[in-house]
Amino acid sequence: MSIFPITRYVYEGVPIVGVTFNNRQEAIHKMELDEVIQLVREPNNAYDPNAIQVKRLTGEEIGYIPRYMAEDIAPLMDVYGPIVYGTVSWLMGVEVRGVRVKFEIPTE
């Protein structure tokens, strides 16, 4: 155990992908700015071993962290824990809504 505090990297305005699949828009339309969300590591995902799913605290699926970002973030989650909490930082659209989130990840 280190006596030094853990450094955290802040990710802001991260776009969530896959928001139009599996009735996710229904959950997204219930969301509010600054709502707390979960990022959940999915190492056994059939399409991407670095997959990180984004969910509401109710368990409703929102989508995924983009693949290019998950590639860097997944190994950190594998070390520091499979769940990270963040907040909704952006909601846009009327019928089809987009979502962006903010969260922090330990980096050392």
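A salt bridge here is a side-chain nitrogen of Lys or Arg within 4 Å of a carboxyl oxygen of Asp or Glu. The model is predicted, so to speak of a local feature takes pLDDT of at least 70, and side-chain atom pairs count only at pLDDT 80 or more, while totals for chains, interfaces and linings use all residues. Residues are numbered from 1 along each chain as its sequence is written, and side-chain values use heavy atoms, with hydrogens and water left out.

**Exercise 1.** Find the salt-bridge partners of Glu60 and say which network they belong to.

*Solution.* 
- Start with Lys30: its closest N–O approach to Glu60 is 2.7 Å, a salt bridge.
- Glu60 is in the loop between strand E3 (52-56) and strand E4 (61-64), and Lys30 is in the loop between H1 and E2, so the pair ties together parts 30 residues apart in sequence. (Helices, H or I with at least four residues, and strands, E with at least two, are DSSP runs numbered from the N terminus.)
- Now check accessibility. Buried means under 20% relative accessible area, exposed over 50%, and partly exposed in between, using a 1.4 Å probe and protein chains only. Glu60 is partly exposed at 22%, and Lys30 is partly exposed at 42%.
- Then look at Arg56, whose side chain meets that of Glu60 in a salt bridge (2.7 Å, N to O). Arg56 is buried, at 11%.

**Exercise 2.** Work out which parts of the chain the Arg41–Asp78 salt bridge links.

*Solution.* 
- The two side chains meet at 2.8 Å, N to O.
- Arg41 sits in strand E2 and Asp78 in helix H2 (residues 67-80), so this pair links distant parts of the chain, 37 residues apart.
- Arg41 is buried at 9%, while Asp78 is partly exposed at 49%.

**Exercise 3.** Arg97 has no salt bridge; track down its surroundings.

*Solution.* 
- Locate Arg97 in the loop between strand E5 (83-92) and strand E6 (98-106).
- Look for an opposite charge (Lys and Arg count as positive, Asp and Glu as negative; His and the chain ends are not counted). The nearest such side chain to buried Arg97 is Glu35, 8.4 Å away.
- List the contacts, meaning heavy atoms within 4.5 Å. Leaving aside neighbours within four places in sequence, Arg97 touches Val19, Gln25, Ile28, His29, Met31, Leu91 and Met92.
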